[in-house]
Amino acid sequence: MIVAEQKPIAEIISIAFKHKSILVVGCGTCVTVCFAGGEKEGKTLSSLLRMKAQMEQKLLEIEELTVERQCDHEFIEKIVPLAGKVEAILSLACGAGAQLIAEKFPDKIVYPGLNTTFLGITEKQGIWKERCLGCGTCLLDKTGGICPIARCAKNLLNGPCGGSQEGKCEVNPETDCAWQLIYERLKKLGQSECLEEIIPVKDWSTSRDGGPRKVIRDDLTL
Ligand code: SF4
Ligand code: SF4
């Protein structure tokens, strides 16, 4: 899933206070799971903004709505009636959702309420970790299911840098060395021979080198 964190409340207040009315839009998918921008967070944030506005005797109308997914045209249609009533929109989705809202409402100022961080997993309650950089050519089959691009600080494809200490990365000693993990897992799976295969220099054209990417499925397009 996409992992994100809410922007500092002082920043959100200063954004909201530029306007007389604002619509806070939550997203019911990834950012709900990571407790950053779902319905609960949208309601809490809206209440907080209302209280702050009242305390400072600031005129601020707040509308609030959570849609199933902000990155999907189908769901953001629901925002149209409320968007017509406000000066600006505060999106509590990832950067993709916030951008679709901006595309959908070209005459509205759209603010991101979250900082989008990475593609990752929930390790346990309250802890999320990065797992994928969306490189476009997955090579997990060669590395025991552990991504050296997302999990090695130097994105090394053919073994460790030599700087790890006791299984920890030299760049951040709180992080496991990805190549130590890969080695241990392949050994456990009886696939150590995978380590002998030289992974060629990566073709980054499937990643971000060619600019924004798109996926087209002819069998699905109308
Ligand atoms: S190899 Fe690429 S697609 Fe596969 S997990 Fe790593 S970054 Fe993601
Ligand atoms: S110590 Fe391990 S994870 Fe860290 S940069 Fe070197 S090889 Fe990558």
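Predicted model: local features only at pLDDT ≥ 70, side-chain atom pairs only at ≥ 80, totals over all residues.

Colleague: Is Gly-145 buried or exposed, and why?

Modeller: You count C-beta atoms, placed from the backbone: 20 or more others within 10 Å of a residue's own means buried, 12 or fewer exposed, and in between partly exposed. Gly-145 is exposed because 12 other C-beta atoms lie within 10 Å.

Colleague: Which residues is Gly-145 in contact with, leaving aside neighbours within four places in sequence?

Modeller: Contact here asks for C-beta atoms, placed from the backbone, within 7 Å. On that basis Gly-145 is in contact with Leu-140 and Arg-185. Trp-128 is 17 residues away along the chain, and its C-alpha atom is separated from that of Gly-145 by 18 Å.

Colleague: How do I read positive phi angles?

Modeller: Most residues other than glycine have a negative phi, and most peptide bonds are trans. Here Phe-35, not a glycine, has a positive phi of about 55 degrees. Phe-35 is in the loop between H2 and H3, and is partly exposed because 15 other C-beta atoms lie within 10 Å. Glu-166 isn't a glycine either, yet has a positive phi of about 50 degrees. Its loop runs between helix H7 (148–151) and helix H8 (178–188). Glu-166 counts as exposed because it has 7 C-beta neighbours inside 10 Å.

Colleague: What about strand pairing?

Modeller: Two strands pair if DSSP finds at least two bridges between them. E2 and E4 are parallel, with 4 bridges, and Ile-22 stands opposite Ala-88 in E4. E4 also pairs with E5, in the parallel sense over 4 bridges; there Ile-89 faces Val-110 in E5.

Colleague: In which sense do E1 and E6 run?

Modeller: Antiparallel, with 5 bridges joining E1 to strand E6 (residues 114–124). Ala-4 stands opposite Thr-116 in E6. E6 goes on to pair with strand E7 (residues 127–132), antiparallel over 5 bridges, and Lys-124 is opposite Ile-127 in E7. The E6 and E7 hairpin has 2 residues between the strands, and Gly-126 takes a positive phi near 85 degrees in it.

Colleague: How do I find the core?

Modeller: In soluble globular proteins, nonpolar side chains tend to be buried together. A nonpolar core is a set of buried Ala, Val, Leu, Ile, Met, Phe, Trp, Tyr and Cys residues joined through C-beta atoms within 7 Å. The largest one has 33 residues, and Ala-4, Val-25, Val-31, Ile-89, Leu-90 and Leu-92 have the most contacts inside it. Elements giving two or more residues to this core include strand E1 (2–6), strand E2 (21–27) and helix H3 (39–55). E2 provides the largest share, 5 residues. Another core, of 10 residues, lies apart from it, with Cys-147, Cys-169, Cys-177 and Tyr-183 among them.

Colleague: How is the chain divided into domains?

Modeller: Domain bounds come from an automatic or database domain assignment. It gives domain 1 (2–118) and domain 2 (133–206), with C-alpha centres 38 Å apart.

Colleague: And which residues are around ligand 1?

Modeller: A residue is near a molecule if its C-beta atom, placed from the backbone, lies within 6 Å of it. Around ligand 1 that picks out residues including Cys-132, Cys-135, Cys-138 and Cys-147. For classes, Ala, Val, Leu, Ile, Met, Phe, Trp, Tyr, Cys and Pro count as nonpolar, Asp, Glu, Lys and Arg as charged, and the others, Gly among them, as polar. The ligand 1 shell has 9 nonpolar residues, 1 polar and no charged. Ligand 2 has 14 residues around it, of which Cys-152, Cys-161, Ser-164, Cys-169 and Cys-177 come nearest. Its shell divides into 10 nonpolar, 2 polar and 2 charged residues.

Notes. Residues numbered from 1 in each chain as written. Chains lettered and ligands numbered in written order. Contact = placed C-beta atoms within 7 Å.
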